[in-house]
Amino acid sequence: MTRSDKEEYVLTPWEVSGNIDYDELVERFGTSRVDEELKQRIENIAGEVHFMLRRNIFYSHRDLKWILDQYEKGNKFALYTGRGPSGHTHVGHLMPWIFARWMQDKFGVDLYFQLTDDEKYLFNFDLEMEDTYSYAMENALDIIALGFDPEKTFIFADTDYIHTLYPLALKVAKRVNFSTVKAVFGFDNSANVGSIFYTSMQSAPCFLPSDREGRKVPVLIPCGIDQDAHFRVTRDVAETIGYHKPALLHNKLAPSLDGTGKMSASIPKTTIFTTDTPEDVDAKISEAFTGGRMSAKEQREKGGNPDICAVQNYRYYLFEEDDERVADIADRCRRGDLLCGECKGLLKEKIRSFLKKHQERRERARDRLEEFLLKD
Ligand code: TRP
């Protein structure tokens, strides 16, 4: 297939659409692939490889090798990730957080979690500051519900922690000019001045662990590959302001239920939120795009196509850790033994039981917010 045959796609920190070519992104951004050797090194330390690494959902990186070298020399890194609180959390958002939780557990490291209520206010004309702040606190419940260690986990909303973050953001801002952000993000003269400054805010937590600990702390950022643009800018200035460049580990974005592109909070019908009821889950999965045939009879005869199926994708990305089970379901589908109704039923059950537990933990987290939040 030549380039021109491929469907166009868009991927920036604020817009993702079309059929993303993840291989091309590695080339275009100049990142490195997570190869077997790296996975082996992680397994040697962690005792296992998380299924998201095994399946190349976390597939690209910058300086991960260096992070592991440092770790092996006894120089522990800190994890940093974040969330733009523009609404409730959906299960796709949980993907990198579940992975970060695993990393924290296996490597015994701190996690810094930034809630960018400022970003979502600046970039969404229909959201007020009270909205983005209250979503930040709601999203924090989802983070806590995943079981992060309160001794090692620091969550902050930018507007709550700005006194600490601002000097770090300024150090970055002074060294990034307007033409750079225009080139990196495609801003034009109509962009508001807050959005032009914003990358400095997302950069600040890369340097926070060093300031808090009083040593140069290596930082590893597990994040969607759409966020890479910000950190290319951060990495360009890091050393000039006296810190290590942050390392990155990129994940592919969780797919949507309608079979097109990524799960998006702006299309609620094709997205499962952590606050959804069992009935919501049933309704959404029932409507999901599958690789099924027009009729049950035809499907029994010719089999279905799990490779294009959103239900199978959900399983692969999030809801089935067992590789054999994923493969077995795909085989039964191809043979025409497993029809879409039954297959959807299996996924509904998985998601309902996941959400039941998650929602209980999420409610309990309301009383524990203070244990995790950093404020000035
Ligand atoms: N900009 C991110 C978003 O819109 C939020 C974010 C802030 C983030 N810091 C981060 C994401 C670090 C990944 C890693 O969701």
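Colleague: What area is buried between domain 1 and domain 2, and what do carbon and sulfur atoms give?

Modeller: About 2300 Å², with 64% from carbon and sulfur atoms. Keep in mind that this is a predicted model.

Colleague: Where do the two domains run?

Modeller: The domain assignment gives 10-257 for domain 1 and 268-363 for domain 2. Their C-alpha centres lie 29 Å apart.

Colleague: How many residues take part in the contact?

Modeller: Domain 1 gives 24 residues and domain 2 gives 27.

Colleague: Why is the pair Glu-138 and Arg-362 called a salt bridge?

Modeller: The cut-off is 4 Å between a side-chain nitrogen of Lys or Arg and a carboxyl oxygen of Asp or Glu. The closest N and O atoms of Glu-138 and Arg-362 are 3.0 Å apart. That is within 4 Å, so the pair counts as a salt bridge. The count between the two domains is four salt bridges.

Colleague: How many residue pairs are in polar contact?

Modeller: Between domain 1 and domain 2 there are 14, both residues at pLDDT 80 or more.

Colleague: Which elements give two or more residues to the domain 1 side?

Modeller: Helices H3 (51-54), H5 (91-107) and H7 (129-145). H5 has the largest share, five residues.

Colleague: How do the residues on that side divide?

Modeller: Into 14 nonpolar, five polar and five charged.

How values were computed: Residues numbered from 1 in each chain as written. Predicted model: local features only at pLDDT ≥ 70, side-chain atom pairs only at ≥ 80, totals over all residues. Heavy atoms only, no water. Domains from an automatic or database assignment. Contact = heavy atoms within 4.5 Å. Buried area = accessible area lost by both parts, 1.4 Å probe. Polar contact = N/O pair within 3.5 Å; in protein donor to acceptor, adjacent residues only side chain to side chain. Helix = DSSP H or I, 4+ residues; strand = E, 2+ residues; numbered from the N terminus. Nonpolar A, V, L, I, M, F, W, Y, C, P; charged D, E, K, R; others polar.
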